[in-house]
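Here is a short report for a first look at a protein model. Please keep the sequence and the structure in view while reading.

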Amino acid sequence: MPSRRLSPAPENVAVARRFVRSVLDGVAPDLVDTAELLTGELMTNVVIHARTEAEVRAWRADGRAHVRVTDQRPDRGLVPHERHPYACSGRG
């Protein structure tokens with residue numbers, strides 16, 4: 001299964017999205033668009049919250065698109081964030 005290891009840099013969100021799109025070439029366009037969008041959301045979480053290297057895997061099977069984004073955060077505690085009560089992020 002194709003994979004890429006990416007550092008938690010903001011520019012790697014786009015790299016992950018392009019990687020998923022390239023691997024899923026030939027899958028229904030709406031599925032590819034959704035997979036690409038969700039990959040971007042997960043990689044953004046890696047950059048903002050996990051702050052660790054991430055592995056992005058993508059594959060096709062039986063007409064389905066599969067994507068897995070894994071960070072190295074499970075062995076570490078949560079990163080504390082002070083959030084303003086009206087902040088637009090940090091609650092999801």
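Predicted model: local features only at pLDDT ≥ 70, side-chain atom pairs only at ≥ 80, totals over all residues.

Residues are numbered from 1 along each chain as its sequence is written, and side-chain values use heavy atoms, with hydrogens and water left out.

**The chain**

pLDDT is the predictor's confidence in each residue, from 0 to 100. Its mean over the protein chain is 87. A value of 70 or more is reached by 79% of the residues.

The chain holds 2 helices and 3 strands. Their order from the N terminus is β-α-α-β-β. Helices (H or I, at least four residues) and strands (E, at least two) are DSSP runs, numbered from the N terminus. Confidence is highest in α1 (residues 11–23), with a mean of 98, and lowest in strand β3 (residues 64–71), with a mean of 93.

Of the 92 residues, 29% are buried. Buried means under 20% relative accessible area, exposed over 50%, and partly exposed in between (1.4 Å probe, protein chains only). Contact means heavy atoms within 4.5 Å. Among contacts with a separation of 6 or more, 56% join residues 24 or more positions apart.

**The two helices**

The expected span is 1.5 Å times one less than the number of residues.

| Helix | Length | Span, first to last C-alpha | Expected span |
|---|---|---|---|
| α1 | 13 residues | 19 Å | 18 Å |
| α2 | 22 residues | 30 Å | 32 Å |

Which residues of α1 are buried? They are N12, V13, V15, A16, F19, V20 and V23. These cover an arc of only 160° around the axis, which puts them on the same side of α1. The arc is that of the directions from the helix axis to the C-beta atoms. E11 and R18 are exposed on the other side of α1. The buried residues of α1 pack against β1 (3–6), α2 (29–50), β2 (54–61) and β3.

In α2, the buried residues are V32, A35, E36, T39, G40, M43, V46, V47 and A50. They fall within an arc of 155° seen down the axis, so they line one face of the helix. Their cover includes β1, α1, β2 and β3. R51 follows α2 and has a positive phi, near 60°.

**The hairpin**

β2 and β3 pair in the antiparallel sense over 8 bridges. Two strands pair if DSSP finds at least two bridges between them. R60 stands opposite A65 in β3. The hairpin of β2 and β3 has 2 residues between the strands. D62, in the turn, has a positive phi of about 50°.
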